[in-house]
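Q: Please take a close look at one part of this structure, then connect it to the rest. Keep it brisk, and spell out the cut-offs as you go.

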Amino acid sequence: MAGAKEIRTQIKSIQNTQKITKAMEMVAASKMRKAQDRMRATRPYAAKMRNVVHHMGKSHPEYRHPYLIERPVQRIGLIVISTDRGLCGGLNINLFKKVVAAMKEWHAQNLEIEIAIIGAKAVSYFNRLGGNVVSQASHLGDAPAVEELIGSVKVMLDSYDKGHIDRLHLASNEFVNTMTQAPGIEQLLPIVGDEDDANLKHHWDYLYEPDAKEVMDDLLMRYIESLVYQGQVENIACEMAARMVAMKAASDNAGTMIDELALAYNKARQAAITQELSEIVSGAAAV
Amino acid sequence: MAMTFHVDIVSAEAEIFSGKANMLFAPAVMGELGIAPRHTPLLTRLKPGEVRVQLEGQDEQVFFVSGGMLEVQPHVVTVLADTAMRGKDLDEAHALRVKERAEKAMTDRKTDFDYAKAQIELAEAIAQLRTIQHMRDKTGGR
């Protein structure tokens, strides 16, 4: 009977775990919906921004902003966006693998790397891994404000302005759908525009107030910030989706485990009963 | 029929307004601007203030922006607001702005000192108020 009792406590503990994972799954599902809405809400701004930057790149050929000029690369800046909490499947690990692979490649080309980190998971990962971390930001919450990211972006933009880094990349997860999140690294600086010369036919330019340089500085800074912000918001949607899926899998696994244990428990119980019966019968026969 | 143009007001966090308008007023850095349809292409920075949009039916809507960019094309005007709220909720916007500033002061390492200074000033002001109150009580409220 001892075996049966142990099995029963095990079932209890797994049931408790299942309750937690189920609750987490539901929380993640509702948060994911909100995060997706937020992700969609950021898109018009980035799209409008891209249009304006595109126009400006075309209409103002005499002034080339440093953000638009390719220069020989010696040092690379990398902004890594991760989640603050774990229990979201392989989301962070897949991204880090990609980042480490890219870093290895850059190292092979004798390029130095500076890293700016957003999110607690990346903070602990890169602290363990080593690497030249220049800024950290974490615990921005589920609905981050743009202000909270400005610092991290500014560090990188400043060092780009000073010529300290020659290229800036952003590593984050892309939300494909609820089941799929794709880790990716995209180039932020210099801004890569898709050059279609067909649009160059009509030549017109903006009036700039106060002057082209100042307006362009401001605009491009906001553009980069909006891209990073979008990356962050998208990463949160990814986190919630990944957590939902991971917790659903955990709940399902707990369910199958409980089923198996229930079977084993019943078998043990029946074996005990049979044993008792046979003992009684053989005892009676001996009398 | 009066001429109209399309207005988009967007912030990094959300889309705020999209629709047709007769006229738009915006607080540009060089001074308040009034934009009518077929305005020449213009790109400028905005100061904190209110963007007023005259809708087709003579209605006016007011939006608060705490800075941003204004892009004008003959038939499309885009306000890339840093933070923009409905004018109706202006009070709330004010509150938020103050809160933001407070949060910034709390989080920004550089302004740690300012925060400490502000705290000292606050303590002083409270002490002064208390003294005044005390004197009033003594003189029997005269």
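A: Twelve bridges join strand 4 (residues 42–55) of chain B to strand 5 of chain B, and the two run antiparallel. Strands here are DSSP runs (E, at least two residues), as are helices (H or I, at least four), and both are numbered from the N terminus. Two strands pair if DSSP finds at least two bridges between them. This is a predicted model, in which local features need pLDDT of at least 70 and side-chain atom pairs count only at pLDDT 80 or more, while totals for chains, interfaces and linings use all residues. Residues are numbered from 1 along each chain as its sequence is written, chains are lettered from A and ligands numbered from 1 in the order in which they are written, and side-chain values use heavy atoms, with hydrogens and water left out.

Across this pairing, Pro48(B) stands opposite Ser66(B) of strand 5. Strands 4 and 5 of chain B form a hairpin with four residues between them. Gln58(B), in that turn, has a positive phi of about 65°.

Leu70(B) has Val79(B) of strand 6 as its bridge partner. Strands 5 and 6 of chain B also form a hairpin, with two residues between them.

How enclosed is strand 5 of chain B? Ten of the 14 residues of this strand (residues 60–73) are buried, so it is largely enclosed by the rest of the structure. Buried means under 20% relative accessible area, exposed means over 50%, and partly exposed lies in between (1.4 Å probe, protein chains only).

Now the rest of chain B. It has two helices and seven strands. Along the sequence they follow the pattern β-β-β-β-β-β-β-α-α. Of its 142 residues, 35% count as buried. Contact means heavy atoms within 4.5 Å. Among contacts in chain B with a separation of 6 or more, 44% involve residues 24 or more positions apart.

One loop residue deserves a stop. Arg38(B) sits in the loop between strand 3 (31–35) and strand 4 of chain B. Its phi is positive, about 65°, although it is not a glycine. Most residues other than glycine have a negative phi, and most peptide bonds are trans. Arg38(B) is exposed, with a relative accessible area of 59%.

Asn110(A) has a positive phi of about 65° and is not a glycine. This residue lies in the loop between helix 2 and strand 2 of chain A. Asn110(A) is exposed, at 68% relative accessible area.

Helix 3 (residues 120–129) of chain A comes next. Its buried residues are Ala120(A), Ala122(A), Val123(A), Tyr125(A) and Phe126(A). They pack against strand 1 (75–81), helix 2 (91–108), strand 2 (112–118) and strand 3 (133–137) of chain A. Ala120(A) has 19% relative accessibility and counts as buried. Leaving out residues up to four places away in sequence, Ala120(A) touches Ser82(A), Thr83(A), Asp84(A), Ser138(A) and His139(A). Just after helix 3, Gly130(A) takes a positive phi of about 90°.

Then the cis bonds. The peptide bond from Leu189(A) to Pro190(A) is cis, with omega near -15°. Pro190(A) is in the loop between strand 5 (181–189) and strand 6 (207–209) of chain A. At 1% relative accessibility, Pro190(A) counts as buried. Beyond its neighbours within four places in sequence, its contacts are Tyr67(A), Leu68(A), Ile69(A), Glu70(A), Tyr160(A), Asp166(A) and Arg167(A). The bond from Glu209(A) to Pro210(A) is also cis, with omega near -5°. Pro210(A) lies in the loop between strand 6 and helix 5 (212–286) of chain A.

Chain A as a whole has five helices and six strands. Its radius of gyration is 28 Å, well over the 19 Å that the globule rule gives for 287 residues, so chain A is more spread out than a compact globule. That radius is taken over C-alpha atoms, and the rule is 2.2 Å times the number of residues to the power 0.38. The C-alpha trace of chain A spans about 115 × 40 × 35 Å along its principal axes. Buried residues make up 43% of chain A.
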